[in-house]
Amino acid sequence: MNNRINFLKESIKNLKTLGTVTPSSRFLAERMLKKIDFSKVEVLVEFGPGNGAITKLILEKLPINATLICFEINDCFYNELSEIKNKQLIVVKSSAEKIEEELKKLNLNKTCHIISSLPLTIIPEEVTDEILEKSFHALADNGTFIQFQYSLTYFKKLKNVFNESISLGFEPLNFPPAFVYHCKKVG
């Protein structure tokens with residue numbers, strides 16, 4: 001009984017800080033990356049990679065001359081991601097709203113894609129507004145911002161930022177099932 005109570009307490013703690021109690025499924029990762037033409041990727045950014053469930057799939061698909069930059073602020077996940085031995089991976093211990101600053105530090109101006117697993121609904125609205133605005137500016141023309149959420153609450157906000165160039169998908173084979181927002185910066 002105590003193990004069950006401890007598991008529930010830990011799950012609630014994870015939900016409050018990470019937005020979920022389980023890692024993303026391979027099905028969700030595939031759905032998020034499905035529309036990306038990896039042969040043309042030079043720089044790809046991932047927000048909130050967690051334990052690397054989506055990161056590892058990105059690295060499998062990434063062309064040899066491309067770079068993946070992961071933004072992770074959780075110490076445990078940052079350390080876990082830093083142990084992945086791949087010269088194409090750069091793990092940054094920084095918040096997503098600092099995307100432009102971090103790209104400049106790496107002598108990069110733009111990214112062609114941003115994959116986000118951030119739990120936007122539990123992040124303060126002023127922070128999510130800044131993340132979305134800075135992400136839009138950091139994207140190259142025709143770049144994409146791909147975000148998953150467990151509800152439709154951010155559809156309107158993303159639609160406003162990306163000037164209605166947004167499509168919506170759904171992945172039932174994830175726990176919990178997730179909506180995938182696919183936003184494009186039309187240039």
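Residues are classed as buried when their relative accessible area is under 20%, as exposed when it is over 50%, and as partly exposed in between (1.4 Å probe, protein chains only). The structure is a predicted model, in which local features need pLDDT of at least 70 and side-chain atom pairs count only at pLDDT 80 or more, while totals for chains, interfaces and linings use all residues. Residues are numbered from 1 along each chain as its sequence is written, and side-chain values use heavy atoms, with hydrogens and water left out.

Cys-183 is buried, with a relative accessible area of 0%, and Cys-70 is likewise buried at 0% relative accessibility. A disulfide is a covalent bond between the sulfur atoms of two cysteines. With a disulfide taken as a pair of cysteine sulfur atoms within 2.5 Å, the count comes to zero.

Helices (H or I, at least four residues) and strands (E, at least two) are DSSP runs, numbered from the N terminus. Strand S2 (residues 67-71) is mostly covered, four of its five residues being buried. Two strands are paired if DSSP finds at least two bridges between them. Strand S1 (residues 43-47) runs parallel to S2 and is joined to S2 by five bridges; Phe-47 lies opposite Phe-71 of S2. Strand S3 (residues 89-92) also pairs with S2 in the parallel sense, over four bridges, with Ile-69 opposite Ile-90 of S3. From S2 the chain passes through helix H4 (residues 75-82) to S3 in a right-handed β-α-β crossover. A right-handed β-α-β unit is likewise made by S1, helix H3 (residues 53-61) and S2. Right-handed here denotes a clockwise path from the first strand over the helix to the second, with the strands pointing away from the viewer.

Helix H6 (residues 125-138) comprises 14 residues and reaches 20 Å from its first C-alpha to its last, close to the expected 20 Å; the expected span is 1.5 Å times one less than the number of residues. Its buried residues are Thr-128, Ile-131, Leu-132, Lys-134, Ser-135, Phe-136 and Ala-138. These residues pack against S1, helix H5 (99-105), strand S4 (111-116), strand S5 (139-149) and helix H7 (155-161), contact meaning heavy atoms within 4.5 Å.

Glu-171 is located in strand S6 (residues 166-171) and is buried, with a relative accessible area of 5%. Residues up to four places away in sequence aside, Glu-171 touches Phe-27, Leu-28, Arg-31, Pro-177 and Ala-178.
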